[in-house]
There are 2 protein chains.
Amino acid sequence: MQDGTFHTPGHRQETWARGDVFAANCPTRQLLDRIADKWSTLILIVLGEGPIRFNALKQRVDGVSQKMLSQTLKSLERDGLVSRSVVATVPVSVTYAVTPLGCTLMAAMQSMIDWAETQMPQVAAAQTAYDQRSSDAH
Amino acid sequence: MQDGTFHTPGHRQETWARGDVFAANCPTRQLLDRIADKWSTLILIVLGEGPIRFNALKQRVDGVSQKMLSQTLKSLERDGLVSRSVVATVPVSVTYAVTPLGCTLMAAMQSMIDWAETQMPQVAAAQTAYDQRSSDAH
DNA sequence: TCCTTTGGGTATCCAATGGATACCAGGTGC
DNA sequence: GCACCTGGTATCCATTGGATACCCAAAGGA
């Protein structure tokens, strides 16, 4: 809190204030910098079902381009969340799987996935209402 | 499962297989399309500490541009996760806060935040090891 | 012999996104 | 008259993402 110009009126502060999100080196922020993109989470979820090969994965994650799939897998591997194993068949086959570390991350994400399944209709409704208000105001 | 070409060998399948991530209309995917960007989650976390005004928020979320802050807040408001209230002071002041719906989402994200705080060192270590291997291979 | 197919990518090109900077409104104090 | 406040837009440029084409090496068909 480098200065006192912002006043944060209590209200759940005890639950959320840790982690100092404003600092670029906070852990939550580092995690988000790595996995908060369109594909990482989806890929992890599919890998959570079991090891899978590149092209099969590409078919399961609807809409992902080959470029982004290979790029995202590379960064997940670098972060130790996913492992890549090459089997010298012909043509060569490459299998991806979650590591134990990646598995613990997926467990942590599960409650968010559950939230999505129960609450997304409410989000869709809020969006419709918002658009309605906007077009009314016009 | 439009065909049987991919075989998913058991291994946590019962936990993760629901939600059919390959379909673009699965709820998890819809949620990710909305909040899986660099700023949404960070903004929600700061808002979780209590209502806050635009410029104060901009200072707390280190590195966010005015453009992205206003754009992200607009989309969070549209999704019913954040509320915006204009107070007719001089100059006018605008306060943002999480809605009850946004609050439940933050609760669901908490375990991911906890994971980040405990496991990010491991991710950093994995990354260093990976880079080491790469430069060795070179 | 040549052509095609296969898996797992890379190279290239173009459109969309994000960040930096400038500008705006309009009321207020100097 | 001038600069300053908040809460934004408008504009420009660099980076990212998606579509497409190409690559390798071996197998299989004509």
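**Before selecting anything**

The model is predicted, so local features are described only where pLDDT is at least 70 and side-chain atom pairs count only at pLDDT 80 or more, while totals for chains, interfaces and linings use all residues. Residues are numbered from 1 along each chain as its sequence is written, and chains are lettered from A and ligands numbered from 1 in the order in which they are written.

**Chain A, coloured by confidence**

The chain averages a pLDDT of 84, and 83% of the residues score at least 70. Over residues 1-19 of chain A, however, the pLDDT is below 50, and beyond near neighbours in sequence this stretch has 26 contacts in the model; two residues are in contact if their C-beta atoms, placed from the backbone, lie within 7 Å. Where pLDDT is low, the predicted coordinates should not be read in detail.

Helices (H or I, at least four residues) and strands (E, at least two) are DSSP runs, numbered from the N terminus. Of the 138 residues in chain A, 33% are buried, a residue being buried if 20 or more other C-beta atoms lie within 10 Å of its own, exposed if 12 or fewer, and partly exposed in between, with C-beta atoms placed from the backbone.

Select A:Ile43 and B:Ile43, which have the most contacts inside the largest nonpolar core, a set of 56 residues. Such a core consists of buried Ala, Val, Leu, Ile, Met, Phe, Trp, Tyr and Cys residues joined through C-beta atoms within 7 Å. Leaving aside neighbours within four places in sequence, B:Ile43 is in contact with B:Leu57, B:Val61, B:Thr72, B:Leu73 and B:Leu76.

Then move to helix H2 of chain A, residues 27-35, where the buried residues are A:Pro27, A:Thr28, A:Arg29, A:Leu31, A:Leu32 and A:Ile35. These buried residues pack against helix H3 (40-47) of chain A, and also against helix H3 (40-47) and helix H6 (100-137) of chain B.

**The sheets**

In chain B, select S1, S2 and S3, which form an open antiparallel sheet in the order S1-S3-S2. S1 and S2 of chain B stand at the edges, each with a single partner strand, so one side of each is left without a neighbour in the sheet. Two strands pair if DSSP finds at least two bridges between them. S1 (residues 52-53) is joined to S3 of chain B by two bridges, and B:Arg53 has B:Thr95 as its bridge partner. S2 (residues 82-87) pairs with S3 of chain B over six bridges, again in the antiparallel sense; B:Val87 is partnered by B:Ser93, and B:Arg84 stands opposite B:Tyr96. Five residues lie between S2 and S3 in the hairpin that these two strands of chain B form.

In chain A, the three strands likewise form an open antiparallel sheet in the order S1-S3-S2, with S1 (52-53) and S2 (82-87) as the edge strands, each pairing on one side only. Here S1 and S3 pair over two bridges, and A:Arg53 stands opposite A:Thr95.

Now select A:Thr99, in the loop between S3 and helix H6 (100-137) of chain A. A:Thr99 is partly exposed, with 18 other C-beta atoms within 10 Å, and, leaving aside neighbours within four places in sequence, is in contact with A:Gly80, A:Leu81, A:Val82 and A:Ser83. A:Thr99 and A:Ser83 are 16 residues apart in sequence and 6.0 Å apart in space, C-alpha to C-alpha.

**The two DNA strands**

Select DNA strand C and the 18 residues that surround it, of which the closest are A:Phe54, A:Asn55, A:Pro91, A:Ser93 and A:Val94; a residue is near a molecule or strand if its C-beta atom, placed from the backbone, lies within 6 Å of it. Helix H4 (54-60), helix H5 (66-78) and strand S3 (93-98) of chain A, together with helix H5 (66-78) of chain B, each give two or more residues to this surface.

Finish at DNA strand D, which is also surrounded by 18 residues, the closest being A:Met68, B:Phe54, B:Ser70, B:Ser93 and B:Val94. Here H5 of chain A and helix H4 (54-60), H5 and strand S3 (93-98) of chain B each supply at least two residues.

Definitions and conventions
pLDDT = per-residue confidence, 0-100.
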